[in-house]
Amino acid sequence: MRKEQHHKGWNEIKTNDSWALFKIMGEFVNGFEKMSAIGPCVSVFGSARTKPGDKYYELAVSVAKSIAEAGYGIITGGGPGIMEAGNRGAHLAGGTSVGLNIDLPFEQHDNPYIDGDKSLDFDYFFVRKVMFVKYSQGFVVLPGGFGTLDELFEAITLIQTHKIEKFPIILVGSEFWNGLMDWIKDTMLKMGNISPGDLDLIQIVDTEKEVVEIIDSFYKGNILSPNF
């Protein structure tokens with residue numbers, strides 16, 4: 001016989017929400033304390049499904065290694081795929097390697113290339129996203145899925161609306177990203193849903209050298225600091 005589902009009453013939901021606030025606050029406090037001590041970093045995003053040996057996995061390793069050799073730490077989502085490649089590149093360069101892991105029912109698990117004292121675990125996506133934005137001096141985005149696009153457009157929106165200061169947003173892999181940029185130009189821009197200057201917030205490259213040049217060039221005229 002099928003068990004009847006328990007539906008929470010309104011008061012029970014309110015009580016659970018009140019207790020959740022303490023857990024959310026705890027994640028913010030722990031994240032702020034640990035991340036504020038790390039120093040300037042660049043976040044590397046991309047698919048958790050990309051395997052070692054894939055051209056974008058290997059490119060992510062090279063990109064992160066070059067960024068770390070230029071003096072920046074690397075922040076990733078802490079999981080497999082492109083995230084693992086980013087931490088691996090930082091590890092190979094002897095640089096700071098940070099992982100902001102999220103508890104998910106599939107795909108996500110810690111990768112072995114995160115510094116032992118720089119692995120943070122989150123239950124809430126929105127808390128984790130605050131850490132990425134607040135403590136990153138740039139976003140480097142390789143091919144990925146919905147989560148990758150979520151992080152990308154979150155950063156673009158915050159810069160566009162002047163909620164945070166501008167920082168480099170670099171899409172790596174023109175073969176993957178050109179179609180999206182064509183749609184943004186040919187549809188969003190033509191319909192007047194964005195301004196022409198918004199396109200300047202994003203740059204597309206194919207090599208690690210271009211990534212480092214963009215980041216270094218930007219910070220010749222801008223201060224390295226948390227974003228808010």
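Helix 5 and helix 6 are oblique to each other, because their axes cross at roughly 45° and angles between 35 and 65 degrees fall in neither the parallel nor the perpendicular class. I noted that the model is a predicted one.

I then took down the spans. Helix 5 covers residues 146-160 and helix 6 covers residues 174-189. Their axes come within 14 Å. I recorded the crossing as right-handed.

Next I looked up which residues meet. From helix 5 I listed Thr148, Leu149, Leu152 and Phe153. Across from them, helix 6 brings Trp177, Leu180 and Ile184.

I moved on to the core. The largest nonpolar core holds 59 residues. I wrote down those with the most contacts inside it: Met35, Ile67, Leu100, Phe139, Val140, Val211 and Ile215. Helix 2, residues 55-69, gives the largest share of this core, with eight residues.

What does Val211 touch, leaving aside neighbours within four places in sequence? I found Val63, Ile67, Val140, Ile170, Val172 and Val205.

Last, I checked Trp183, which is found in helix 6. Trp183 and Leu120 lie 63 residues apart in sequence and 36 Å apart in space, C-alpha to C-alpha.

How values were computed. Residues numbered from 1 in each chain as written. Predicted model: local features only at pLDDT ≥ 70, side-chain atom pairs only at ≥ 80, totals over all residues. Heavy atoms only, no water. Axes fitted to C-alpha atoms, helices over the stretch in contact; angles between N-to-C directions. Helix = DSSP H or I, 4+ residues; strand = E, 2+ residues; numbered from the N terminus. Parallel < 35°, antiparallel > 145°, perpendicular 65-115°, else oblique. Left-handed = near helix turned anticlockwise from the far one by under 90°. Contact = heavy atoms within 4.5 Å. Core = buried A, V, L, I, M, F, W, Y, C linked by side-chain atoms within 4.5 Å. Buried < 20%, exposed > 50% of the residue type's maximum accessible area, 1.4 Å probe, protein only.
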